[in-house]
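Please open the structure in your viewer and keep the selection tool at hand. The tour below moves from one selection to the next and states what is found at each stop.

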Amino acid sequence: MGTWDTGPFDNDTAADFANALDDAEPEAREALIRGVLIRTIDATGYLTEAEEAVAAAALIAAQCPGGEPVDMSYGPETPMPVFPSDLRALADEALARIVGDKDGPASNWVDPEDWKQWRAILTRLRAVLAPPPPSIALFDVQP
C-alpha cells in the first residue's frame, strides 16, 4: 500500500477508488460505494478492500450532520449523489470491522503516531455515521 498520510484518501488504493467513482456514471456511484462496504462487512480473512471502505465511509460521513468535507486533492473530483440513510449504518459497520481487524490495515503502520492519528480519524467517522438516538417523548404535556 502506497500511503502518504493518514486521511481516508491518502493512499494509492483509495485514490484509485476515487478515480473509479469519477469514471462511473452518476447513478452507479452509490452502487460502487454500497458494494465495497458490503464486501468489507462480509469478508472472511484478509480485508482486501479496507482502504476503499474507509474512503467510502468518509464520503458518506461528509453528507451527515457534523461530517467533514473530503479532501478533494485525492478524493473524487465529481460531486457525489445524496446517499440514502441506510448507507450510514453500513459504513459504520464496515469501519467497525476494519478497526477490529488486528491483522489488517491497523498492522500496516510503521510509525505508532501515524497509527494513532489514523485510528482517531476512523473514530471520528464512526461518531458522525452513528445514527442519532431515537427521541422518545416521555410525556405529552398539553397546556
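**First stop: helix 3 and helix 4.** This is a predicted model. Begin by selecting helix 3 together with helix 4, which covers residues 86–100. Two packed helices are described by the angle between their axes and the distance between the axes. Here the angle is about 140°, and the axes of helix 3 and helix 4 lie 9 Å apart. The crossing of helix 3 with helix 4 is left-handed.

Now display the side chains where these helices meet. On helix 3, select Ala50, Ala53, Val54, Ala57 and Ile60; their partners on helix 4 are Leu87, Arg88, Ala91, Ala94, Leu95 and Ile98. Of the residues in this contact, 10 are nonpolar, none is polar and 1 is charged.

**Second stop: Glu49.** Next, select Glu49, in the loop that runs between helix 2 (29–42) and helix 3 (50–61). With which residues is Glu49 in contact, leaving aside its neighbours within four places in sequence? They are Val36, Arg39 and Thr40. Show the side chains of Glu49 and Arg39 to see the polar contact of 2.7 Å that joins them.

Helix 1 and helix 2 form a right-handed crossing.

For the contact itself, select Phe17, Ala20, Leu21 and Asp22 in helix 1, which meet Arg29, Leu32, Ile33 and Val36 in helix 2. The contact of helix 1 with helix 2 comprises 6 nonpolar and 2 charged residues, with no polar ones.

Finally, turn to the largest pocket, which holds about 300 Å³ of space. It is lined by 17 residues, and those closest to its centre are Pro8, Glu68, Pro69, Ile121 and Leu125. Helix 3 and helix 5 (112–129) are the elements that give two or more residues to this lining. Which element gives the most to the lining of the largest pocket? Helix 5 does, with 4 residues. By class, the lining has 10 nonpolar, 3 polar and 4 charged residues.

Notes: Residues numbered from 1 in each chain as written. Predicted model: local features only at pLDDT ≥ 70, side-chain atom pairs only at ≥ 80, totals over all residues. Heavy atoms only, no water. Polar contact = N/O pair within 3.5 Å; in protein donor to acceptor, adjacent residues only side chain to side chain. Contact = heavy atoms within 4.5 Å. Axes fitted to C-alpha atoms, helices over the stretch in contact; angles between N-to-C directions. Left-handed = near helix turned anticlockwise from the far one by under 90°. Nonpolar A, V, L, I, M, F, W, Y, C, P; charged D, E, K, R; others polar. 1 Å grid on protein atoms, 1.4 Å probe; cavity = no way out; pocket = protein on both sides within 12 Å on 5 of 7 lines; lining within 4 Å. Points joined across faces, edges and corners; volume = space filled by probe spheres on them.
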